[in-house]
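Please read the points below with the sequence and the model side by side.

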Amino acid sequence: MYLHLGQDTVVRTCEVIGIFDSDNTTLSRSTREFLHRCEKQGRVISIIDDIFKSYVLCVDEYGQERVYLSQVATATLRKRWKHGGVGK
């Protein structure tokens with residue numbers, strides 16, 4: 001199954017580790033440091049035109065982490081995930 005993150009980007013649902021709200025989680029210093037470290041390592045994939053509302057942490061079958069920045073709200077992403085993935 002696949003999860004549509006917006007802007008024609010999909011990820012495999014089995015790779016999703018977590019879906020996070022940017023307003024709530026980026027207040028934490030450790031989260032900001034994590035996102036900054038991922039960005040420096042080239043593991044952040046931005047699929048936004050403006051400010052991101054959520055980010056999705058994924059780990060592929062090789063153990064590689066990726067962080068997707070999305071304009072789609074966390075509630076919408078969670079509904080898509082629960083209802084089988086792909087949705088617009």
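Predicted model: local features only at pLDDT ≥ 70, side-chain atom pairs only at ≥ 80, totals over all residues.

**Notes on the model**

1. Glu15 is located in the loop that joins β2 and β3 (16-21). Is Glu15 buried or exposed? Glu15 is buried, since its relative accessible area is 8%; buried stands for under 20% relative accessible area, exposed for over 50%, and partly exposed for values in between, using a 1.4 Å probe and protein chains only. Apart from neighbours within four places in sequence, Glu15 contacts Leu57, Cys58, Val59, Asp60, Glu61 and Arg66, where contact means heavy atoms within 4.5 Å.

2. Residues are numbered from 1 along each chain as its sequence is written, and side-chain values use heavy atoms, with hydrogens and water left out.

3. Strand β1 (residues 2-6) is mostly covered, four of its five residues being buried. Over four bridges, β1 pairs in the antiparallel sense with strand β2 (residues 9-12); two strands are said to pair if DSSP finds at least two bridges between them. Tyr2 is placed opposite Arg12 in β2.

4. The connection between these two strands deserves a look. β1 and β2 make a hairpin with two residues between them. Gln7 has a positive phi of about 50° although it is not a glycine, and Gln7 is partly exposed, with a relative accessible area of 47%. Asp8, found in the loop between β1 and β2, is likewise not a glycine and has a positive phi of about 60°. Asp8 counts as exposed, at 72% relative accessibility.

5. What is the order of the strands in the open sheet? The sheet has four strands in the order β3-β5-β6-β4, and its pairing is mixed. At its edges are β3 and β4 (44-46), each of which pairs on one side only. From one strand to the next, the twist averages 20°; axes are lines fitted to C-alpha atoms, for helices over the stretch in contact, and angles run from 0 to 180 degrees between N-to-C directions. β3 and strand β5 (residues 54-59) are paired in the antiparallel sense over five bridges, and the bridge partner of Asp21 in β5 is Ser54.

6. Helix α2 (residues 29-40) packs on the sheet and touches β4, β5 and β6 (65-70). The direction of α2 makes about 105° with that of β6. Helix α3 (residues 74-82), for its part, lies across β3 and β5 and runs at about 150° to β3.

7. Thr74, Leu77 and Arg80 are buried in α3. Viewed down the axis of α3, the buried residues fall within an arc of 125°, and therefore line one face of the helix; the arc is that of the directions from the helix axis to the C-beta atoms. These buried residues pack against β1, β3 and β5. The face turned away from the buried side carries the exposed residues Lys79 and Lys82.

8. How many disulfides does a search of the whole structure find? The search finds zero, a disulfide being a pair of cysteine sulfur atoms within 2.5 Å. The sulfur of Cys58 is 9.3 Å from the closest cysteine sulfur, that of Cys14, which is too far for a bond. Cys14 is exposed, with a relative accessible area of 57%, whereas Cys58 is buried, at 0%.

9. A search of the whole structure finds two aromatic pairs. The rings of Phe20 and Tyr55 have centres 5.2 Å apart and planes at 25°, so this pair is stacked; rings of Phe, Tyr and Trp (its six-membered ring) pair if their centres lie within 6.5 Å, and planes under 30 degrees apart count as stacked, over 60 as edge-to-face and the rest as tilted. Because Phe20 lies in strand β3 and Tyr55 in strand β5, the pair ties together parts that are 35 residues apart in sequence. Phe52 and Tyr55 form an edge-to-face pair, 6.3 Å centre to centre with 75° between the planes. Phe20, Phe52 and Tyr55 make up one aromatic cluster.
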